[in-house]
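Hi there,

Here is the structure I promised to pass on.

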Amino acid sequence: MGLIGTVAVGVLALLGACGSRLLADEFKAWVPSVVDRIISFAVRRAPQHLRERLAEEWRGHVNDTPGDLGKLVVASGFIWASGKLRNQAEHAGIERDHYIRELDVSAGRLRWEHIQRVFEMCDRNVSETARRLKIHRRTLQRILRRARL
Amino acid sequence: MLEPRISAQTLKVLGTLLSNPREELSGAEIARITKLASGTLYPILLRLEDAGWLVSKWEVGDPRELGRPRRRFYRVTGLGAKRAKEAIRELRPLLGGAAWA
């Protein structure tokens, strides 16, 4: 019984060693393809204008990372990074839109203040004001009507 | 251009770039030095680049000739160095004094 048990343990150990070796080889063979798929997925999630750059940069980063497991961990991190980059881009877009709206409002206000100044300077004479502003009289009338002056 | 949010990780990245004598570092090198995860590092790098605190450029060479993808190198700009030093000065008491400050 003791001998049989020893042999069984030996056989199991041998099978385990072979199996783990096979698994390790299999893992090694699959890693490059899995890493590449993960990077491709992460890049697709990133903002459009950064995709080409990140695809090469991230592959370069993984290439410089030692160890298969390390490469997998780094590549998985890019999925997280791409989500954050997308959020950043959306946030920047909202900020930019807000800034442009503010600029529009400021430009409109400046234009309106200038029209008012010239209008008062011309003793509220529409034709004279339009001539000085180099706009059509009807355009000026429309602007003034809208402002109820 | 939006001012980037200054976090401990952001300062780590800036400090690493500022204290590096070669001045230019790739993302992988920065990750190795700062021990930041790739998921944290790249949003920081791109945010700092958007704000004009960093500039980046591709490694010279053709990927086919190099036999690998090109690296992208990051460098702190004058503005980035100035702002980073200001932020480090302000936050030094909280950080407990950093070597690169």
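**A salt-bridge network**

D64(A), E59(B), R68(B) and R71(B) are joined in a network of salt bridges. Please keep in mind that this is a predicted model.

**Where the two chains meet**

In chain B, 21 residues are in contact with 22 residues of chain A. Between them the chains bury about 1,800 Å², 60% of it on carbon and sulfur atoms. Three salt bridges run between chain B and chain A, and there are nine residue pairs in polar contact across the interface. On the chain B side, helix 2 (27-34), helix 3 (38-50), strand 2 (54-58) and strand 3 (72-76) each supply at least two residues. Helix 3 gives the largest share, eight residues. By type, the side of chain B that touches chain A divides into ten nonpolar, five polar and six charged residues.

**Chain B by itself**

Chain B has five helices and three strands, following the pattern α-β-α-α-β-α-β-α along the sequence. Of its 101 residues, 48% count as buried. Chain B exposes about 5,500 Å², with carbon and sulfur atoms supplying 51% of that.

**Salt bridges within helices**

Over all chains the count comes to 15 salt bridges. One of them joins R21(A) and D25(A), at 3.9 Å from N to O. Both residues lie in helix 1 (residues 2-45) of chain A, four residues apart, or about one turn of the helix. R21(A) is exposed, with a relative accessible area of 57%, and D25(A) is partly exposed at 40%.

In chain B, E86(B) forms a salt bridge with K82(B), the closest N and O atoms being 3.7 Å apart. These two residues are also four apart, in helix 5 (residues 78-95), so about one helical turn separates them. E86(B) is partly exposed, at 29% relative accessibility.

Best wishes

Key
Residues numbered from 1 in each chain as written. Chains lettered and ligands numbered in written order. Predicted model: local features only at pLDDT ≥ 70, side-chain atom pairs only at ≥ 80, totals over all residues. Heavy atoms only, no water. Contact = heavy atoms within 4.5 Å. Buried area = accessible area lost by both parts, 1.4 Å probe. Salt bridge = Lys/Arg side-chain N within 4 Å of Asp/Glu carboxyl O. Polar contact = N/O pair within 3.5 Å; in protein donor to acceptor, adjacent residues only side chain to side chain. Nonpolar A, V, L, I, M, F, W, Y, C, P; charged D, E, K, R; others polar. Buried < 20%, exposed > 50% of the residue type's maximum accessible area, 1.4 Å probe, protein only. Areas by Shrake-Rupley, 256 points an atom, 1.4 Å probe, with all protein chains shown as cover.
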